[in-house]
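Biologist: Please show me how to read a structure like this one, feature by feature.

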Amino acid sequence: MTLKTLKIEAEKAIIGAQDLKGLNDVYKKYLGKEGELTRILRSLEKLPKAKRVKVGKETNNLKNVLTIKFDQRTQVLKEKAQQEAEEKEWIDVSAPGKRPVLGHLHPLTQVRRKIEEIFQTMGFAVVEGPEMETEWYHFDALNIPKNHPARDLWDTFYLRNGLLLRAQTSPVQIRYMEKNNPPLRIIAPGRCFRHEATDASHEHTFHQIEGLVVGRDISLANLKVVLESFMKRFFGEGVILRWQPSYFPFVEPGLELLMRCSVCQGKGCSTCGNSGWLEVIPCGMVHPNVFKAAGYNPKFWQGFAFGMGLDRLAMMKYKINDIRLFCSGDLRFLNQF
Amino acid sequence: MIFSYSWLKDYVKNLPKPEKVAELLTRHSFEVGEVKKVKGDWTLDIDVLPNRASDCFSHWGVAREIVAITNLKFRGPTSTKFVRGRTSADSVSVEVKDRIACPRYTVKVLTDVRVGPSPKWLSERLEVCGLNSINNIVDVANYVMLETGQPLHAFDGKKLSGQKIIVRFAKKGEKITTLDGQKFNLDAGVLVIADAHDPIAIAGIKGGKFPEISKSTKVVILESANFNPQTIRRGSQKLNLKTDASIRFEHGLDPNLTESAINRAAQLIQELAGGQIAKGLIDVYPQKTYPKRIKLNLDYVESLLGVKIPEREMKNILKSLNFKFHESRTREIMVEIPTRRLDILIPEDLIEEIGRVYGYDKILSTFPIAALVPPRRNEEIFWEDMAKNILKEAGFTEVYNYSFIGDREVGIFNFKDSIELKNPISLEQRYLRPSLIPNLLKNVEKNSISFSEIKIFELGKIFRMPKSEEKILTGVITGDAFYQAKGLVDALLNKLGISDIWYDEYRTLAQEKAIAFWHPQKAAEIKVGQERVGFLGEISPRILNEFKIKSKIIYFDIFFEKLVRLASEEHEYRPLSKFPSAVRDLAVLVPRGTKVVEVLNKINAAGGKLVRDVDLFDIYEGEEMPEGKKNLAFHIVYQAEDRTLRAKEVDEIHQKIIKTLEKEPTWQVRK
């Protein structure tokens, strides 16, 4: 067999091999230790010198060519084998995944953190106060004297130890001002209690965030910008807001910030009592009597205060329709957050 | 409070449409709820702010507000007086015993009246505003109250014993039957109107049945009085009786209003029921109220509102509200406050008037100029957030429970120092919680219907007599999970930067055993150094039974405020050893009562510093074990910081450990 026919035959065999095993046989036959080419090379010594060099060179060339062809074919067959193997495997991606056991933070914790974060970016410190309060911090110091009908605005729980359960976080204003000098910017989150029957929109236990800013020339224009910025950060730039006069004994002037009802887009529904608007932040300029009660001279200081109900904000944010869910401990509810 | 649109229209020329009126009032004065069409009229449900009750629980008051906002003109009713015959004082005499409780008492007498039904316009207006028509006399009194805000009362002049009216506090044992037939026992806390003998009305709250206006009434005694708000409030609370009159008096009224209201009423009665208005007014008004004056600095107005308002505009607003003023100096005016505006006491009250009439929407929102002081971090909240995150990562769900517990829980848990509420909503919410555990167990009870494995926690306040309030972190896990909970507490404390944690067996006292809520054999104190920071244990089967919980429950209860003091953000990295470690296992058979920590201590003491870590990987107390024994299996990790340990070296230390353990006569290292 000439090298030429050997070449044709070997190339045919390489191309013809359909799997790696067959290819391996081809390799053994031509390039292996007992293969054709090896045999030719071994037989070279029997040839005359001149021929030996020529045939040797040609045989080595052929060996190189076939090795390359062989490698190429190996690559092709490997890929083919892998593809065939993969095709046998399959996964049903529609079958459910296995979830890790994750815990959940209460939605009010999450909303509270978000609110704290927004105010902290505006330089507010976060402080806390006790849930059991004295009448002085809860009423008198906030310009709500004894036997004043304004006290009826807070349906209060009274305790046998002479204290009461706070119905608002506002006493923290006084407690903080007593211990700190202005200027100041604080928010005070916390739990509050109101003596009222519960239903889907009323709860005797709820959560508030109080705010207070005091400085030399803090104005109502400042109050507006801080609360508007907050609302935009919390509900998004598209939130529609409105200011209304209101009355709270510890502020003067007193205002209320309302937002267009997100449930009905202002058309009127049960959530907003058909008004199209939701009262979200009662607020106003700190009453001079409050400054006096806290030991500040109202001649030198101006400030604003505000309060917001965490539960209501969370209800609007997550479209929760029953306020009682927050304290229900129901995992079917809590595991959604 | 319901207001009639057509009535307001009587006082405001060119009054805008009802919706527009509602919008204007909402933006500048009071929120207006529903606007409803009723019988050719409209009703506006106006939420008059409590500080404005003194002048705006009336159509006049609201009309004046509209006038101030819109710059329209106010036109009051025209008065014509027909005064004839006897003087009022001929029919009755008035004596006020307590001038603080009753600063003014005004009486007018009408004779020869004809009591009958009211004309349609009158009864309709009352009905629109939610009052029933009774007769032309009573209706006029109510009408004038809705018009002016001044409650009035009419007595049958012939029925007053001794022709006397005495304003005094009731005597103990006195009784009265009111117009609607209710009977009340009175006492010295209730102010009454009496004749020579008996109370004939509860002052400022409700009239008595006896001298009521009837068909046969000929002489009408009209009362228009001013009462102390606190007196009326106390009386109203004591009798649990709120009326249109008491609500108005409670908020305070202008003493100067009694006279114009009574004149208006007398005139209307004469128009509708005929008769004659007796000459003169009986008026007990010992201390007249004069308008207050308040100095207002116009620069302060601008500073507080944060907006520049032209001086003329400010003055126009004050004028539109009927405030008189004169300039006391540049940029300062002296304002005279009409006596009906009981709410205006200080300059800030006037600034509110200017601000709201000017319009809060017109005040441009402006950021304050303030020092860029970074806020101080609240350590407690910082660590609270951290702790909650760790528990969440460990698969726990956070719950918020009520701060209340009831008689049942107090009984089951034998709580001795719970704070009781004076006015609980129900017996289930009669005490403040002295522990978070009862409500967490209720959560488990409720949720076990839908969930087999429950891991929950709460971080909240607990309360104890006399006045203590403390933040506590409590968690519960269902199942036989003591070591899971313990590992969790370790991880939590470590993550909070607390080391030196250990657990001390809690020795339940003999007298505690029957009442303890924990399992007396499965309770530990969590300690950091020498300080106790909480408890860890299993809930006693007795308690689980009460709550109908079938699985075991492990709880941890951590004094959070202590934790905050111990927590630290400092954390130092320990260099990775460049040299490989070697692991040898060791199993030892010990009596069941032997504590793991005893074995660990011996291993560490014998092994010295080349023992990098000892890891208990199995505790076995099964059947194959000899009676009363358990098998403890450890991985011991050997490693040096400065060289690779040779196998021989490791074996030597390991043998040393084994020998040390075997010195204990009851321990047996298994080979």
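Modeller: First, the element names: helices (H or I, at least four residues) and strands (E, at least two) are DSSP runs, numbered from the N terminus. This is a predicted model, in which local features need pLDDT of at least 70 and side-chain atom pairs count only at pLDDT 80 or more, while totals for chains, interfaces and linings use all residues. Residues are numbered from 1 along each chain as its sequence is written, and chains are lettered from A and ligands numbered from 1 in the order in which they are written.

Biologist: Is B:S403 buried or exposed?

Modeller: We count C-beta atoms, placed from the backbone: 20 or more others within 10 Å is buried, 12 or fewer is exposed, and in between is partly exposed. B:S403 is buried because 24 other C-beta atoms lie within 10 Å.

Biologist: And what does B:S403 touch?

Modeller: A contact means two C-beta atoms within 7 Å. Leaving out residues up to four places away in sequence, B:S403 touches A:R191 and A:T205 plus B:L432, B:R433 and B:K461. B:L432 sits 29 residues away along the chain, yet its C-alpha atom is 5.8 Å from that of B:S403.

Biologist: Let's go on to the chains. How many residues of chain B are in contact with chain A?

Modeller: 72, and they meet 65 residues of chain A. On the chain B side, helix α14 (residues 379-393) gives the largest share, seven residues. For classes, Ala, Val, Leu, Ile, Met, Phe, Trp, Tyr, Cys and Pro are nonpolar, Asp, Glu, Lys and Arg are charged, and the others, Gly among them, are polar. By that scheme, the chain B side has 29 nonpolar, 21 polar and 22 charged residues.

Biologist: Which residues have the most contacts inside the largest nonpolar core?

Modeller: Such a core joins buried Ala, Val, Leu, Ile, Met, Phe, Trp, Tyr and Cys residues through C-beta atoms within 7 Å. The largest one has 169 residues, and A:L227, A:C283, A:F304 and B:I66 have the most contacts inside it. Helix α4 (residues 59-70) of chain B supplies its largest share, seven residues. A:L227, for its part, touches A:L257, A:I281, A:C283 and A:F306, again skipping residues up to four places away in sequence. There's also a second, separate core of 64 residues, with B:V140 and B:A261 among them.

Biologist: Now helix pairs, please.

Modeller: Two packed helices are described by the angle between their axes and the distance between the axes. Axes are lines fitted to C-alpha atoms, for helices over the stretch in contact, with angles from 0 to 180 degrees between N-to-C directions. Under 35 degrees is roughly parallel, over 145 roughly antiparallel, 65 to 115 roughly perpendicular, and the rest oblique.

In chain A, helix α2 (residues 20-30) packs on helix α4 (residues 49-88) at about 165 degrees, axes 10 Å apart. So α2(A) is roughly antiparallel to α4(A). Their contact has eight nonpolar, one polar and two charged residues.

In chain B, the axes of α7 (residues 136-148) and α10 (residues 257-273) come within 9 Å and cross at roughly 140 degrees, which means α7(B) is oblique to α10(B). This contact divides into 12 nonpolar, three polar and one charged.

Biologist: And what about α12(B) and α13(B)?

Modeller: The axes of α12 (residues 311-320) and α13 of chain B come within 10 Å, crossing at roughly 100 degrees. Those two are therefore roughly perpendicular to each other. B:M314, B:I317 and B:S320 of α12(B) meet B:E353, B:I354, B:V357 and B:Y358 of α13(B).
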